[in-house]
Amino acid sequence: MTFRPTVITVEPNRKLRWLWHFLIPGLFDVEHSFIIEPLASDVYDGLRLRVRFIQQESFQGLLVPLLARQLNIDVRQGFEAMNQTLKTKAERIENKTREIGKFI
């Protein structure tokens, strides 16, 4: 599905939030956000070693009750797949960084 959301919040390295309306506002509205929270206990020499990634989406509008069951299945599966891929890639980078650090 191709759509053109409106970006409503950008905080570099912290948050991206967008809003999309299907046809007209109030019919089927989707607000999505990606949030990166640094974990204060994991800072070394000014570098954030670990962060918490939060992905959220909310649906509002007249069509939501008709689509709720399918949205819960499809959207959840999509989020889980994306989050797992992101986790795998981040861990791969972390492992490479640790290997390089052993030789420095």
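Arg-52 is partly exposed, with a relative accessible area of 43% (buried is under 20%, exposed is over 50%, and partly exposed is in between, using a 1.4 Å probe and protein chains only). This is a predicted model, so local features need pLDDT of at least 70 and side-chain atom pairs count only at pLDDT 80 or more, while totals for chains, interfaces and linings use all residues. Residues are numbered from 1 along each chain as its sequence is written, and side-chain values use heavy atoms, with hydrogens and water left out.

The side chain of Arg-52 meets that of Glu-37 in a salt bridge, at 3.4 Å from N to O (a salt bridge being a side-chain nitrogen of Lys or Arg within 4 Å of a carboxyl oxygen of Asp or Glu). That pair links distant parts of the chain, with Glu-37 in strand β3 and Arg-52 in strand β6 (residues 51-60), 15 residues apart. Helices (H or I, at least four residues) and strands (E, at least two) are DSSP runs, numbered from the N terminus. Glu-37 counts as partly exposed too, at 30% relative accessibility.

## The rest of the salt bridges

Search the whole structure and you get three salt bridges. In general, side chains of opposite charge can pair when their charged atoms come close.

Another of them joins Arg-17 and Glu-31, whose closest N and O atoms are 2.7 Å apart. Arg-17 sits in strand β2 and Glu-31 in strand β3 (residues 29-38), so this pair ties together parts that are 14 residues apart in sequence. Arg-17 is partly exposed at 26% relative accessibility, and Glu-31 is partly exposed at 29%.

## A pair within the helix

Over in helix α1 (residues 64-102), Glu-91 and Lys-87 are four residues apart, which means they are separated by about one helical turn. Their side chains meet in a salt bridge, 2.7 Å from N to O. On the accessibility side, Glu-91 comes out partly exposed at 34%, and Lys-87 is partly exposed with a relative accessible area of 43%.

Strand β1 (residues 6-11) and strand β2 (residues 15-21) run antiparallel and are joined by five bridges (strands pair if DSSP finds at least two bridges between them). Arg-17 in β2 is the bridge partner of Thr-9.
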